[in-house]
Amino acid sequence: MIASLAARHSWFEATARARLAGLLDPGSFSEILPPAESNPSPHLALLDLPGAFDDGVVVCYGQLGKRPIFAIAQEGQFMGGAVGEIHGAKIVGMLRRAAQEKPAAVLFLIDSGGVRLHEANAGLIAISEIMRAVLDARAAGVPVIALVGGSCGAFGGMGIVAKLCSAIVISEEGRLALSGPEVIETVAGVEEFDSKDRALVWRVTGGKHRYLMGDCAMLVEDDIAAFRSGATEFLAGWSEPVPSVAHLRAGQQTLENRLAAYASYRDGLQVWAALGVAEPESVPLLDRDALVALKEGLPT
Amino acid sequence: MSLNDILDSLFPAGHAVNVENKVITGEATTAQGTVAVLGTTDAAAIDHAMALALSAFILDTVEQHPGRALVFLVDTSGQALSRSQELLCLNGSLAHLAQCVDLARRQGHASLSLVTANAVSGGFLSFGLMADRAYALADAQVRVMDLRAMSRVTKIAHERLVELAAGSPIFAPGAESYVRMGAIEAIWPEPSAGLLEAALAAGGLAAPASDQRQNSGLLRGGRQLAAGITKTVQNAACGA
């Protein structure tokens with residue numbers, strides 16, 4: 001156990017570039033519009049804020065298990081991974097290219113609070129364009145896999161984008177939601193959502209909860225190699241469905257059923273008990289393998 | 001302006017629209033034929049129930065009225081802010097709604113949205129901005145966040161933001177910014193059957209095969225960089 005822990009390379013703590021280096025086949029990373037060929041955001045410069053030459057996102061070509069893939073990796077350590085004009089346009093370009101060139105998949109390493117407020121309108125519109133481009137790539141038959149496990153999670157418009165992807169692979173440390181707990185606390189009060197109660201935040205937005213509820217397809221360890229094998233395993237068993245009414249009807253039914261059953265709940269503990277987990281309070285303590293075994297044993 | 005006044009002005013030939021839990025669903029008569037009318041009113045903060053009511057109505061329309069145009073009326077203050085909503089993955093229900101609008105487009109339903117009062121962040125993303133074309137009434141409030149809240153979050157002085165907003169559609173709230181940025185087609189001085197007919201006719205003639213908002217933003221001078229960067233990424237030589 002100690003040896004495997006020592007070998008682990010945390011996804012949560014890694015930069016976007018380090019995640020890509022460990023995710024893709026060695027030597028296959030080929031960046032498009034690398035920092036040397038691009039410029040920092042002029043909108044941030046106007047506000048006397050430091051920019052980044054890649055504007056906080058890396059887009060690249062690469063291979064996963066020798067199959068050609070595209071990857072998009074947001075850098076949570078720059079402006080919280082938030083989407084500005086350049087950042088968004090790079091993502092849109094990669095997704096549109098995927099719809100044309102049809103790689104085996106797009107891996108979307110989401111680590112973002114959503115819209116970059118300093119470029120608010122540009123960011124919101126870019127996220128709308130990303131939403132359309134994800135669905136266009138999928139309609140062209142290209143799976144788009146969201147990988148969520150960074151320090152900024154997937155929030156705001158990027159939470160919506162994550163749920164438009166073919167599937168989400170998440171770690172226990174990953175968080176997925178729309179409004180951040182801090183925003184809800186500011187607007188609705190600390191009684192509504194205490195953003196400093198980290199255990200509560202994880203029971204409402206965290207990877208284990210999203211996996212148990214079926215909002216994320218896979219739960220993996222906080223380890224770059226685990227994300228790599230998770231994405232590989234998911235893609236091996238997946239063929240992208242043609243968009244259809246029947247597919248969305250089924251999704252509609254699932255969402256209506258669970259809203260009817262769980263609308264009054266305010267804590268993951270309540271949902272897990274209702275899902276059939278015998279000891280919901282033990283869930284936060286379970287390791288990844290034990291949680292996956294628990295989920296697979298739940299009544300469907 | 002009340003919803004009924006807006007509906008009467010847009011659809012003088014008749015409308016039958018139901019409003020429940022701030023969600024609008026129904027149909028109306030236009031020169032282009034019967035259209036589906038749907039959306040939200042009273043600055044709705046979109047929650048699961050609202051999103052699912054809208055998505056169900058879109059799926060019904062696709063199944064029962066193939067090709068019928070969708071007219072979205074948008075009045076949303078954003079997403080519902082509560083722990084119970086987030087617990088059930090509110091972003092998932094908004095994504096589902098967006099996916100239903102997208103499916104309707106792929107099945108040949110033209111769509112347009114009209115911002116009647118407010119269009120804010122997540123609520124706007126999930127349906128108004130998913131339509132083929134968006135329009136706004138002259139006094140509509142379109143934004144991510146107002147400048148005071150933005151000042152608190154970004155720690156940039158409010159006066160500085162107000163000063164910069166005067167010349168920058170990149171972050172200045174308002175429908176006019178969204179026109180210059182390419183996301184809103186035009187601002188209507190008032191709800192008008194004539195303008196709606198013209199917009200529906202334009203949509204019917206040339207349903208956009210692809211998302212043209214970056215190009216519009218470039219042509220209108222509001223978004224100078226996005227179109228070029230997306231093209232560069234699409235065309236760059238890469239890899240093997």
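How do the residues of the lining of the largest pocket divide into nonpolar, polar and charged? They come out as 20 nonpolar, 16 polar and seven charged. For the classes, Ala, Val, Leu, Ile, Met, Phe, Trp, Tyr, Cys and Pro go down as nonpolar, Asp, Glu, Lys and Arg as charged, and the others, Gly among them, as polar.

Okay, housekeeping. This is a predicted model, where local features need pLDDT of at least 70, side-chain atom pairs count only at pLDDT 80 or more, and totals for chains, interfaces and linings use all residues. Residues are numbered from 1 along each chain as its sequence is written, chains are lettered from A and ligands numbered from 1 in the order in which they are written, and side-chain values use heavy atoms, with hydrogens and water left out.

Now, the empty space. Rolling a probe the size of a water molecule over the atoms shows where empty space is left. We work on a 1 Å grid over the protein atoms alone: a cavity is a set of points where a 1.4 Å probe fits but cannot get out, a pocket is an open set with protein on both sides within 12 Å along at least five of seven lines, and lining residues have an atom within 4 Å of a point. Grid points are joined across faces, edges and corners, and a volume is the space filled by probe spheres set on the points.

Back to that largest pocket, then. It holds about 1,400 Å³ of space. Its lining runs to 43 residues, and nearest the centre you'll find A:Leu117, A:Gly180, A:Val183, B:Met145 and B:Val153. Two or more lining residues come from each of α6 (157–164) and α7 (181–188) of chain A, and β5 (70–79), α5 (121–126) and α6 (147–154) of chain B. Helices here are DSSP runs of H or I with at least four residues, strands are runs of E with at least two, and both are numbered from the N terminus. α7(A) has the largest share, five residues.

On to the second largest pocket, at about 860 Å³. There are 31 lining residues, with A:Lys163, A:Gly214, A:Asp215, A:Gly251 and A:Thr254 nearest the centre. Here α11(A) has the largest share, nine residues. By class, that lining is 17 nonpolar, nine polar and five charged.

The largest cavity is about 140 Å³, and A:Leu135, A:Arg138, A:Pro241, A:Pro243 and B:Gln99 lie nearest its centre, out of 14 lining residues. α5 and α11 of chain A and α4 of chain B each put in at least two residues, and α4(B) gives the most, with four.

The second largest cavity has about 50 Å³. Its lining includes B:Leu112, B:Arg133, B:Tyr135 and B:Leu200. α9(B) supplies the largest share, three residues.

Over all chains we have seven aromatic pairs; rings of Phe, Tyr and Trp (its six-membered ring) pair if their centres lie within 6.5 Å, and planes under 30 degrees apart are stacked, over 60 edge-to-face and the rest tilted. B:Tyr135 and B:Trp188 have ring centres 5.0 Å apart and planes at 40°, so that pair is tilted. B:Tyr135 is in strand β7 (residues 133–137) and B:Trp188 in strand β9 (residues 186–188), both of chain B, so the pair ties together parts 53 residues apart in sequence. Both residues are buried, and buried means under 20% relative accessible area, with over 50% exposed and partly exposed in between (1.4 Å probe, protein chains only).

There are charges over rings, too: NZ of Lys or CZ of Arg has to be within 6 Å of the ring centre and within 35 degrees of the ring normal. A:Lys295 sits over the ring of A:Tyr211, 5.6 Å from its centre.

Is A:Glu129 buried or exposed? Buried, with a relative accessible area of 1%. A:Glu129 is in helix α5 (residues 120–139) of chain A. Leaving aside neighbours within four places in sequence, A:Glu129 is in contact (heavy atoms within 4.5 Å) with A:Val92, B:Asp211, B:Arg213, B:Gln214 and B:Arg223.

A:Asp55 sits in the loop between α3 (42–46) and β2 (57–64) of chain A, and is buried at 0% relative accessibility. Beyond four places in sequence, its contacts are A:Ser41, A:Phe78, A:Ile86, A:His87 and A:Arg116.
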